[in-house]
Amino acid sequence: MSKFRSTKTLLAGALSLIFCVTAPLTFANNDLPDLGTAAVNTFSLEKETVYGDAYMRVIRSSAPMLNDPVLSQYLTELGNKLVAHATGVKTPFYFFLLRNDEINAFAFFGGHVGVHTGLFLNADNESQLASVLGHEITHVTQRHLARSLEAQQKSSTATMVGMLGAILLTIAAPQAGMAALATTQALSTQAKINYTRLHEKEADRIGMKILVDAGFDPNASSDFFAKLATRYRFTTKPPQMLLTHPLPESRITDARNRAAQYPHRYVPDNIDFQLAKARIQVRFSGYSDEASLSLFETQLSKKTYAFKNAALYGKALALFKVDRFKEAETIIDSLLKEDENNLFYIDTKTDLLLQREENAQAISLLEGQKSLKPTSQVININLANAYIESDQPKKAIPLLEDQIFLDKQNQLPFFLLSDAYKKTGNKPLEHFVKAESMALGADYKGAIDQLNFAYRLTEDNPLQLARIEARIRQFKQSDKALEALK
């Protein structure tokens, strides 16, 4: 066998092994898809899913992902609203947040769309944020990354293999997503630039149609482009988004001309976007506790806010951070009187109740909300946490199982479920769930250790033991495959 063929086979098999669908509660032994030796000859949707899952595991292990239920649910609902108006959707979409003040968003295989918190910090309204998401959604629906690979079929097999491995290992770096293609050196630089520009134009055009069809302002794209271009016109270090999505003047002009073709309409901002932005400013940005409190006090005194209630919410979060809990709760209670079902307010009210150990009151609040929003990530995860905090872990377990069933990529329910099993004294399942969580972050060695603990603690259950053994073998293969790519 030639060296090239051997390398290609190793990469294809490696990535197929990394892909594991988790089912921790039933100890499911899932068969892994086999890419075979022709993995890079045609890039099917199935293969995109395999690669996307592998890359996502690498991101969890190396990037500062946010496991914040409120922000995750907001971003997912906004993203799905846009996806509902996209054409050519062939894969599920998964939207996630990275804690990074840089302005950036990126899309990659399998419908994964990553958003930096810095994008929230720099967008003025929800339409501007939606314009970026619409652009990234188009990269996925138009299969730009796969098309780029297929367009380079004339390159050698070794180059193709190197490119796929480079994407895997650099996906969470500043040149994430589409820009990861630039890590391959063998192709003509000019050809890559031209192909990227073609995709960017297509993503701008189709993304704007998605934006408008979803009810957002078509001028948001050009407004955001112009804002970034003005701010970073003379800087020597532009933000990541301008490195991966260049902004020549012609692109801004094209966006303006395209927006002008749509009927003018007034699109009011959404308070939930401003609440999400305030939450990020206080909890997940570079602001100090004092600076974030000062920020919202200044907004309120000078009336420079987009929504007064969003500024009040930001102030309440900042007060919470500096242990001024009574003042924070006074504000949150007043906001809940105006909007008793708002998830941002309910989440913070829950935190305040648990902080002063009013667990029963927190549970009552959340159980009432669960009847209205039975599948809400915010409600169910908060309620499960409240049950665990009040020594009722058995009630938390089915809630967390449901959340894992609905979102197998979210590590937070796994963390809480492990705690719940620990409190019930179920050591085998505690370690098994920890293993699944570690595997989601590509920590296969740690996962194997946890499965070994689970195996030693399991008694009189041959089926469970057999399934743990199968999972250990699977993780060993996945770990070997990942190491081979490094």
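This is a predicted model: local features need pLDDT of at least 70, side-chain atom pairs count only at pLDDT 80 or more; totals for chains, interfaces and linings use all residues.

**Ser437.** I asked for the contacts of Ser437 (heavy atoms within 4.5 Å) and, not counting residues up to four places away in sequence, got Gln411, Phe414 and Phe415. Ser437 sits in helix 21, residues 427-440. My helices (H or I, at least four residues) and strands (E, at least two) are DSSP runs, numbered from the N terminus. At 5% relative accessibility, Ser437 goes down as buried. My scale is under 20% relative accessible area for buried, over 50% for exposed and partly exposed in between, with a 1.4 Å probe and protein chains only.

**Ground rules.** Residues are numbered from 1 along each chain as its sequence is written, and side-chain values use heavy atoms, with hydrogens and water left out.

**Whole chain.** I counted 23 helices and three strands. Of the 486 residues, 55% count as buried. Among contacts with a separation of 6 or more, 66% come from residues 24 or more positions apart.

Rolling a probe the size of a water molecule over the atoms shows where empty space is left. My grid is 1 Å over the protein atoms alone; a pocket is an open set of points where a 1.4 Å probe fits, with protein on both sides within 12 Å along at least five of seven lines, whereas from a cavity the probe cannot get out, and lining residues have an atom within 4 Å of a point. Points are joined across faces, edges and corners, and the volume is the space filled by probe spheres set on them.

The largest pocket came out at about 950 Å³. It has 40 lining residues, and those nearest its centre are Tyr94, Leu406, Asp407, Lys408 and Gln409. Two or more lining residues come from each of helix 2 (45-62), helix 3 (69-83), strand 1 (94-98), helix 18 (377-389), helix 19 (393-406) and helix 20 (411-424). Helix 3 gives the most, with five residues. By type, the lining splits into 17 nonpolar, 17 polar and six charged.

**Aromatics.** How many aromatic pairs does the whole structure hold? The search finds 12. Rings of Phe, Tyr and Trp (its six-membered ring) pair if their centres lie within 6.5 Å; planes under 30 degrees apart are stacked, over 60 edge-to-face and the rest tilted. Tyr313 and Phe344 have ring centres 5.9 Å apart and planes at 80°, so I logged them as edge-to-face. Tyr313 belongs to helix 14 (residues 308-321) and Phe344 to helix 16 (residues 343-355), so this pair ties together parts 31 residues apart in sequence. Both Tyr313 and Phe344 are buried.

Phe320 and Phe325 are edge-to-face too, with centres 5.2 Å apart and planes at 75°. Phe320 is buried, at 19% relative accessible area. I also found one aromatic cluster made of Tyr55, Phe96, Phe106, Phe108 and Phe109.

Thr91 is in the loop between helix 3 and strand 1, and its 11% relative accessibility makes it buried. Leaving aside neighbours within four places in sequence, Thr91 contacts Leu45, Gly110, Gly111 and Val140. Gln274 lies in helix 12, residues 271-283, and is buried at 9%. Not counting residues up to four places away, Gln274 touches Asp124, Asn125, Asp269, Ala306, Phe307 and Ala310.

**Positive phi.** Lys303 has phi near 55°, positive although the residue is not glycine. Lys303 lies in the loop between helix 13 (289-302) and helix 14 and is exposed at 63%. Asp391, also not a glycine, has phi near 60°. Its loop runs between helix 18 and helix 19, and Asp391 is exposed at 59%.

**Helix 22.** Last check: the 14 residues of helix 22 (residues 444-457) should span 20 Å at 1.5 Å a residue, and the end C-alpha atoms are 20 Å apart, which agrees. The expected span is 1.5 Å times one less than the number of residues. Its buried residues are Tyr444, Gly446, Ala447, Ile448, Gln450, Leu451 and Ala454.

Conventions:
Ala, Val, Leu, Ile, Met, Phe, Trp, Tyr, Cys and Pro count as nonpolar, Asp, Glu, Lys and Arg as charged, and the others, Gly among them, as polar.
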